[in-house]
Amino acid sequence: MDELHQRLTQMRQAFHQDPELGFDEHRTKAKVARHLRGLGLEVHDEGCGVIGLLRAGSGNRAIGLRADMDALPITEASSHGYVSQNPGVMHACGHDGHMTMLLGAAEKLAADPGFDGTVVFIFQPNEEHGLGAKAMIAEGVLERFPMEEVFAIHNLPGAPLGQVSTRPGLICSSESLFEITIHGQGGHASMPQVGVDAITVGAELVLALQTIVSRKLAPGAGAVVSVTEFLTDGQRNVLPGTATLKGDVRARAPEDREAVERFMRQIVQGVAATHGISADMTFNTEFIETINAPEPTAAVAATARGMDLDTISNRTPMSFSEDFAHFCAAVPGCFMLLGNGEEGPQGQPLHSDDYDFNDALLPIGSDLWAALVRNRLPA
Ligand SMILES: [Zn+2]
Ligand SMILES: [Zn+2]
């Protein structure tokens, strides 16, 4: 392990020990900003995230590299020497490692640029709730620091260490949360004819909603409609007057997401009308689809191959969602996965209480970032 790898490992483990939840990343932001200033970068940390600018040569082209800073409300189960010191909060998605790989790249590129233009280092808050990228964009980050392309790395436990995988087009699904409230008429369980039992109407809706993916979308569209909660105000001998259905929709194309919402509203209104009652529905898309642009994605694959990394340039899409989607919707971008290893805590699924980022990935990720910058902004 060389000196930089040692320092990056200490830095990653220090981030791991002090995790902070989305939009509460105050100490984390301060550490990132201090480190970037120490490397001589121009730093902007007045907004909700941290931006570092590194310029080389005379060119006016620019690209953005993004890392996320937030942790999760999970109690860490591991017993290594750098476990979370904040009870109930844990870096269980490896964002501690994402920040460290990007800070490592900033250090390498500051010491030995080999590129021409501006690298915009983006450290965003609150990825896990899908709010951080939107917040930075709303603050004007893309107007203040224009960039031609934008990139993000996410570690992937269960994949071989350092394996790079991505794909052009859709890489992460959208996630929308819905809530349907059925306004029936409650009453005595022995006299259903007097009221309108909200539970029967709700049951009809749960089944009808399942026909959207199977009968309304093309086979293989990859959308999912899941009703995950069914709440009523009924009692053992009281028919409920109100039922609330909550759930989650995933889609792999914006058109499918819009079609699912449209069909859901039709079904909700139609079933309610059949029973002579009303129903309301809310549908909030927390994460839009992450769509990789062809050119930056091809560049990622070429860069990884050039480094002799095991590279998959057309992997299957991920079922999880990513709020980097909002950057990709505004600027041509590429979201890539980097194998975190297959064994031990490094192979455990993201968001599990015994997961850990693999420190062996730190130099690989930093080198990949630096090589990508030199590829996209050639000197
Ligand atoms: Zn996560
Ligand atoms: Zn994550």
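Start by selecting the zinc ion (ligand 2): C93 (SG), H95 (NE2) and H154 (NE2) coordinate this ion at 2.1 to 2.3 Å. Donors here are N, O and S atoms within 2.8 Å of the metal (3.2 Å for Na, K and Ca), and water is not among the atoms, so sites may look incomplete. Along the sequence these donor residues follow the spacing C-x1-H-x58-H. H95 sits in helix α3 and H154 in strand β5 (residues 149–156), so the pair ties together parts that are 59 residues apart in sequence. Helices (H or I, at least four residues) and strands (E, at least two) are DSSP runs, numbered from the N terminus. H95 and H154 are both buried, where buried means under 20% relative accessible area, exposed over 50% and partly exposed in between (1.4 Å probe, protein chains only).

The model is predicted: local features need pLDDT of at least 70, side-chain atom pairs count only at pLDDT 80 or more, and totals for chains, interfaces and linings use all residues. Residues are numbered from 1 along each chain as its sequence is written, chains are lettered from A and ligands numbered from 1 in the order in which they are written, and side-chain values use heavy atoms, with hydrogens and water left out.

Next, select C93 and the zinc ion (ligand 1). C93 bridges the two zinc ions, ligand 1 and ligand 2, which lie 3.2 Å apart. C93 is in the loop between β3 (62–68) and α3, and H351 is in the loop between α10 (344–347) and α11, so this pair ties together parts that are 258 residues apart in sequence. C93 has 6% relative accessibility and therefore counts as buried, whereas H351 is partly exposed at 38%.

Now show the donors of the zinc ion (ligand 1): C93 (SG), E128 (OE), E128 (OE) and H351 (NE2), at 2.0 to 2.5 Å. The angles among the four donor atoms run from 55 to 153°, and the site is irregular.

Then select helix α3 (residues 95–111). Its 17 residues reach 24 Å from first C-alpha to last, close to the 24 Å expected at 1.5 Å a residue; the expected span is 1.5 Å times one less than the number of residues. Of the 17 residues in α3, 14 are buried.

Finish at helix α8 (residues 294–306). Its buried residues are P296, T297, A299, V300, A301, T303 and A304. Among the elements they pack against are β5, β16 (333–339) and α11 (361–376), with contact meaning heavy atoms within 4.5 Å. Just after α8, D308 has a positive phi of about 65°.

Notes
Four donors count as tetrahedral if all angles lie between 85 and 135 degrees; four count as square planar and six as octahedral if opposite donors are over 155 degrees apart and all others between 65 and 115; anything else is irregular.
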